[in-house]
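The sequence and the structure come first, and the comments follow.

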Amino acid sequence: MSTLTKYSDIPYTGPAPTNREPYVPADAEKMNARGAEIASRISGVTQETGQDLPTFVVDKERIVDVLRALKHDLKFTLPLDCFGVDYPRREQRFDIVYQLYSIENNERVRLKVRVGEGESVPSSLPVYQGLNWFEREVFDMFGVKFDGHPNLRRILTHENFQGHPLRKDYDPAQRWLLTEEGVAKIIPQIDPRFAQEEAESDFERVTLNLGPSHPATHGTLRIVVTLDGETIVGADTEIGYLHRCFEKMSETHTYQQVIPFTDRLNYCSAIINNVGYCMTVEKMLGIQSPARADYVRLILSELMRIGDHLICIGTNLVDMGALTNFWYLFQPREEMYGLIEACCGARLLPSYLRIGGLAVDVPPNFLQMTQKLVDSIPRFLDDVDKLVRTNRIFRDRVEGIGPISAEDALDFGFTGPCLRACGIPYDVRKANPYLGYETYDFDVPIADGGDTYARYLVRMEEMRQSLRIIQQAIDRGLPTGPVIVDNPYVALPPKSKVYNEMESLIYHFKLIMHGIQPPVGETYFQVEGGNGELGFYIVSDGTKNPYRVRVRPPCFAIYQAFTKMITGQTIPDAIAALGSLNIIAGELDH
Amino acid sequence: MPVQNVDNPNSIIPRKSATAPGEGAEKGLITLPGESEREVEGIGGATYLTTKLDQVVNWARGNSLWPLPFGTACCAIEFMSMVSSHYDIARFGAEVVRFSPRQADLMIVAGTIVDKIAPVLKKIYEQMPEPKYVIAMGACATSGGFYRAYHVVQGIDEIIPVDIWVPGCPPTPDGLMYGILKLKEKIERGEIRRG
C-alpha cells in the first residue's frame with residue numbers, strides 16, 4: 001500500500017500514517033524502566049522493550065518458575081489472561097501470551113512463551129488455577145498442548161471439530177458438523193470422574209444434566225452435576241454453545257467493521273464493549289477522542305452498566321420465583337432503550353461508537369432525557385430492594401449460597417462485582433481511570449462473604465453509584481465541539497465535504513477501501529465492563545485488518561470457579577448462584 | 001383486499017370475483033396445495049362440517065400460542081422485552097412462556113445457533129407435540145447473520161423447518177410481535193399443517 005499525499009488544506013494538520021511503522025506507546029519509556037526493574041529481580045527472562053506493558057520473553061521450561069516468582073515476590077496475584085498468537089512464517093510460530101495484574105502495585109505485566117509446531121508448554125495450573133480454561137482455549141484454538149493439564153480437551157468448539165481455527169492457515173468458513181454420535185462422545189468425559197469417588201452414603205448417586213437449553217441457564221450453559229441425595233458432590237460445566245468465532249471474524253474484517261461484533265460480546269451492556277474496543281484502537285493510533293464524545297461515552301457506559309445489573313438481578317430473581325421484579329426492572333431498561341434509540345436509532349446493540357468518537361451527534365434534548373432517566377430509576381431500585389431484602393424466602397435462598405473466598409476469587413481471575421463481593425475493591429475505573437472517571441466522585445462498593453447475597457448487594461449499590469456519576473456529568477453540561485476526531489485517516493469526512501471537495505472525496509474513498517491502518521505493534525487496553533475487567537489485546541501488522549484481536553472476557557474467568565462454588569450445595573442453590581454471577585453466553589464463548 | 005367492481009356488465013371478458021386468500025368463500029378452509037378447490041366444491045357435502053371445525057380449531061390455535069423460547073444470545077433479551085410489561089405479548093394470547101418443549105407449540109429460535117448446539121435444537125424441536133410452529137428470530141437464526149464462520153449454522157432451516165422469519169439484528173420487540181401476528185394469520189388461514 002502506498003502512503004497518502006495531502007493535496008489541499010483541509011483542517012487536519014497531523015502527519016499521514018505510513019504503513020509498517022512501528023507502534024511506539026506513549027508510556028514506553030516508563031514501561032521499559034519498570035520492566036528492567038522486574039527483570040533484575042527474576043532470573044531467566046529476556047525483556048522486550050518498546051511495549052505498552054513490561055514485557056518479557058520466557059523459555060518454556062522456565063515459565064512456571066517465572067510465574068511463581070511473579071506471583072509470590074512481586075504480588076502479581078491476579079491472572080488476567082492467557083492466549084495465543086500465530087505467526088506462521090516464524091520458526092517458532094506461536095506466541096503464548098500471559099498477562100498478570102497486581103492489585104497491590106496497580107500494574108500489569110506480559111509474558112511471552114514462543115513455541116513451534118508440535119511443542120508443548122508446561123501447564124501453569126500449579127501457580128494459577130484460574131488459567132485452567134484459558135489453557136484449554138489455547139489448545140482448542142491453536143493446538144498447543146500444556147503438559148500436566150488435568151483436563152486438556154476442546155472447550156469452545158465441538159467434539160467433531162478438526163483442526164485449530166485461530167491458526168492463520170485455517171479457513172474462517174470451514175465448518176464441521178456435529179452429529180448425535182458426536183454429542184455422545186462427550187458424556188463419558190464428563191461423567192466417570194464423579195463415579196470414581198466411592199463415598200459412604202446410603203443414597204444412590206444421580207447424575208443430572210442441566211442445560212444447555214434450560215430456563216435457568218440463561219441461554220446456553222451446560223452443567224452436569226452428580227447428586228448424593230440433594231447435595232451436589234461433583235459438577236462439571238461445558239461451554240462453547242455460543243462460540244461465534246469473534247476473534248476469527250475480527251481478523252477477516254476491518255477495524256471499523258469489528259465494532260458490531262464487539263456489541264454482541266456482552267449484549268446486555270453493548271456500549272461498554274464498544275468503548276473498550278474503540279479505545280484500544282485509539283490507543284494504538286495515538287489519538288484522543290473529542291471531549292464531547294468522551295462525555296457521551298461515559299454517560300452511556302454508566303447507563304449500560306445499570307442496564308446490565310438490572311438484567312442480572314431481574315433474571316436472578318425470576319430463577320428464584322420472583323417474577324414480578326423481572327417485569328418491573330425491565331421498565332427502566334425500556335426507558336434506557338428510548339434514549340439510545342434517540343441517539344442512534346438502535347435499541348439493544350447500537351454500535352454507536354466509531355474509532356475516534358461517535359457515529360452521530362446526540363439529540364438536542366439528550367441531557368433532559370438522561371435527567372429524566374436518572375430521576376426515575378431510583379424508585380425502581382428502591383422498590384425492588386425493599387421487596388426482596390426484607391423477604392425471608394429471598395434471604396434464606398441467597399445468604400451463604402455459592403460462596404467463594406477472596407483468595408480463591410483472585411486466583412481464579414475474578415474481576416468486577418463478583419470480586420468486589422469478596423471484599424477486594426478493585427475497579428478499573430478507579431485503578432486505571434479512562435474517559436475522565438478520575439474527575440468524578442463515586443465509591444466502589446464492596447461486600448464481604450462472597451456469596452450470592454453479597455453479589456446482589458454490590459450490584460444494587462453499583463447502580464446507585466452509576467447514577468451518581470451520571471448526575472455529576474449532567475450537572476457539568478454537555479461539552480461543545482465535534483463528536484469525532486478531525487483526522488481523515490481515521491474518521492470519514494462529513495458528507496457535505498465529500499460532495500463538494502475533491503480531497504475529502506479521496507479521503508472518504510481511501511478510508512472505505514483501505515480502512516484504518518494502525519502502526520505495526522501490539523497493545524492492550526482495559527475498561528470496567530458490566531462483569532469486570534474487559535480487555536482488548538490487538539496486534540496490528542499495518543494493514544486494514546487486525547492481525548489478532550483478543551478479548552479478555554470477564555465471565556470466562558468467573559464461570560470456571562462455578563463448579564467449586566456449588567459443590568456441597570443443592571440444585572436450587574446452584575441456580576441462585578448461577579444467576580448472581582451474570583454469565584453472559586456471548587461474552588463467555590466469544 | 002377483494003378487487004372492486006369486477007362485475008362490469010360491459011366487459012366482454014368473463015371474470016370470477018377475485019378475493020385474497022382467506023377472505024373469500026373458502027375462508028378458514030385448509031388450503032394445502034391442490035386441496036382448496038376440492039373442498040370448495042364439496043361445500044354442502046360431507047366435508048362441510050369438518051372444514052368448519054378446522055376453522056374453529058385454527059382460530060383457537062392462532063390465538064393461544066404457547067411459545068418456547070430457544071434463546072441463546074442477544075435476541076433473547078429482546079424476546080424478554082416483548083414478554084415484559086411494556087410491549088406485553090399477552091395482548092395477543094402468546095404470553096404463556098413454556099420452557100418444556102412438551103408443553104409448547106411455538107418455538108422461537110432467538111439467537112445464534114452454532115454447530116455445537118445444533119443437535120440440541122433438533123432434539124428439542126422433535127420433542128414438541130404437533131402441531132408445532134417455528135419462528136426464526138433475527139439475522140443469525142435466519143442465515144447465520146454476519147457470522148460467516150467456522151462454528152455457526154448458516155440459518156436454522158439447515159436443521160428444522162421454519163414458518164416465519166423475522167429480520168433484524170436483533171429484531172425490535174414490535175418486529176417479533178408482527179412475526180407472531182403473521183404466524184397467527186397463517187394458522188387461521190389453515191396454511192400450516194404438518195404431521
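**Notes on selected side chains**

1. D52(A) is buried, at a relative accessible area of 2%; buried here stands for under 20% relative accessible area, exposed for over 50%, and partly exposed for the range in between, with a 1.4 Å probe and protein chains only. The model is a predicted one: local features need pLDDT of at least 70, side-chain atom pairs count only at pLDDT 80 or more, and totals for chains, interfaces and linings use all residues. Residues are numbered from 1 along each chain as its sequence is written, chains are lettered from A and ligands numbered from 1 in the order in which they are written, and side-chain values use heavy atoms, with hydrogens and water left out.

2. Which side chain meets that of D52(A) in a salt bridge? The partner is K283(A), at 3.0 Å from N to O; a salt bridge is a side-chain nitrogen of Lys or Arg within 4 Å of a carboxyl oxygen of Asp or Glu. The two residues are 231 apart and link distant parts of the chain, K283(A) being in helix α8 and D52(A) in the loop between β1 (45-48) and β2 (55-58) of chain A. Helices (H or I, at least four residues) and strands (E, at least two) are DSSP runs numbered from the N terminus. K283(A) is partly exposed, with 28% relative accessibility.

3. Both D52(A) and K283(A) belong to a network of salt bridges, which also includes E48(A), R90(A), D95(A), R110(A), K112(A), R114(A) and E522(A). Over all chains, the count comes to 49 salt bridges.

4. Helix α8 (residues 270-285) of chain A also holds T280(A). Is T280(A) buried or exposed? T280(A) is buried, its relative accessible area being 0%. A polar atom of its side chain lies 2.5 Å from the backbone oxygen of G276(A). Leaving aside residues up to four places away in sequence, T280(A) touches T523(A), F525(A), F536(A) and I538(A), where contact means heavy atoms within 4.5 Å.

5. A salt bridge connects E238(A) with K116(B), with 2.9 Å between the closest N and O atoms. The pair joins two chains, because E238(A) lies in strand β10 (residues 231-238) of chain A and K116(B) in the loop between β2 (106-110) and α4 (118-127) of chain B. E238(A) is buried at 1% relative accessible area, and K116(B) is buried at 2%.

6. In chain B, E126(B) and K122(B) form a salt bridge, their closest N and O atoms being 3.2 Å apart. These residues are four apart in helix α4 of chain B, so about one helical turn separates them. K122(B) is partly exposed, at 36% relative accessibility.

How values were computed
Polar contact = N/O pair within 3.5 Å; in protein donor to acceptor, adjacent residues only side chain to side chain.
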